Amino acid sequence: MKTITSLLILLSCFLVSGQQPKTLDTIYANDKKNVALFFPNSIRQGITGADHFVFTYNREKEQYFGLLQAKPGAESNLLTITKAGQVYSYILKYADKLPKLNYFIPENESIGNEKPKKIKLKPIIEPINEYATRVTYFQKFSEYLLKSKQERIATKRKKGTRLRLQKMVYNTSEVYLVIEIQNSSGINFEVDYLNIYRTNGNKKRKASFQRLEQVVIYKHKMPSIIKDKRIQRFIYVLPKFVLGDNEKLQIELQELKGNRNIILTTSL
């Protein structure tokens with residue numbers, strides 16, 4: 001395994017023609033959450049130097065993002081090549097607490113091109129990811145859902161606060177979650193985060209329980225605070241997925257500078 005890691009590092013150096021060595025940035029990952037890497041061009045190839053780091057991306061339909069997970073072990077590295085031939089290299093380390101969940105990687109972080117250009121061409125400006133050009137559509141469809149008839153899929157109440165999943169709507173290659181928070185606790189609720197997970201297994205049996213955070217590509221009217229005696233409805237847009245037979249959808253709402261935490265779990 002050390003040999004593979006060394007070969008990847010050497011490959012990174014040979015791919016870069018006429019450039020000085022560059023200190024590689026470090027990306028942290030673990031086995032509890034997905035770390036999303038968004039590249040400026042679609043990913044053609046991604047390789048990790050050790051088996052306890054897993055980088056997944058769509059190999060059939062080229063996309064701009066990949067998901068990284070890790071198990072405890074020695075540090076390794078990630079080598080990624082985009083459709084444009086740009087090469088990106090990072091050090092990978094395992095960490096229980098992750099400093100970031102999403103990395104939007106600029107083109108200038110490339111360590112070189114697999115085929116160095118001899119002729120300067122006019123640069124092609126592309127969106128930072130495949131969803132950038134669809135924001136207007138996400139906005140319009142989200143507004144449509146907020147104005148449509150209210151439904152109830154699952155509800156969780158705790159300490160005067162109600163978290164409800166009203167709808168789960170599939171549209172083209174995305175899924176829209178219509179979420180509602182009602183605050184009747186007597187004090188304002190400041191939101192630290194609201195995360196979406198897919199869970200599998202029994203939580204009481206930790207060895208068999210898995211909880212993976214899902215990438216959220218767009219949030220519509222997500223509030224930072226829900227004042228007392230107020231209701232807020234908003235939309236989360238995620239890449240399309242379908243729950244397996246033993247999987248459940250989980251929504252976790254955490255209060256900022258407080259201990260209120262609400263977890264809603266549903267098999268739909």
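Which residues do ring pairs link into a cluster? In this predicted model, the cluster consists of F38, F65, F104, Y131, Y137, F138, F141, Y144, Y176 and Y218, joined to one another through ring pairs. A search of the whole structure finds 12 aromatic pairs, and two of them are described in turn here.

In the pair formed by F39 and Y88, the ring centres lie 5.4 Å apart and the planes meet at 65°, so the arrangement is edge-to-face, given that planes over 60 degrees apart are counted in that class. This pair links distant parts of the chain, since F39 belongs to the loop between β2 (35-38) and β3 (43-48), whereas Y88 lies in strand β7 (residues 86-94), with 49 residues separating the two. F39 has a relative accessibility of 0% and therefore counts as buried, and Y88, also at 0%, counts as buried too.

The rings of F138 and Y218, both members of the cluster, have their centres 5.8 Å apart and their planes at 35°, so this pair is tilted. Here again distant parts of the chain are linked, with F138 in helix α2 (residues 135-147) and Y218 in strand β15 (residues 218-220), 80 residues apart. F138 is buried, with a relative accessible area of 1%, and Y218, at 12% relative accessibility, counts as buried because the cut-off is under 20%.

A further contact involves a charge and a ring: the charged end of R211 sits over the ring of Y197, at 3.7 Å from the centre of that ring.

Methods. Residues are numbered from 1 along each chain as its sequence is written. This is a predicted model: local features need pLDDT of at least 70, side-chain atom pairs count only at pLDDT 80 or more; totals for chains, interfaces and linings use all residues. Side-chain values use heavy atoms; hydrogens and water are left out. Rings of Phe, Tyr and Trp (its six-membered ring) pair if their centres lie within 6.5 Å; planes under 30 degrees apart count as stacked, over 60 as edge-to-face and the rest as tilted. Helices (H or I, at least four residues) and strands (E, at least two) are DSSP runs, numbered from the N terminus. Buried means under 20% relative accessible area, exposed over 50%, partly exposed in between (1.4 Å probe, protein chains only). A charge sits over a ring if NZ of Lys or CZ of Arg is within 6 Å of the ring centre and within 35 degrees of the ring normal.
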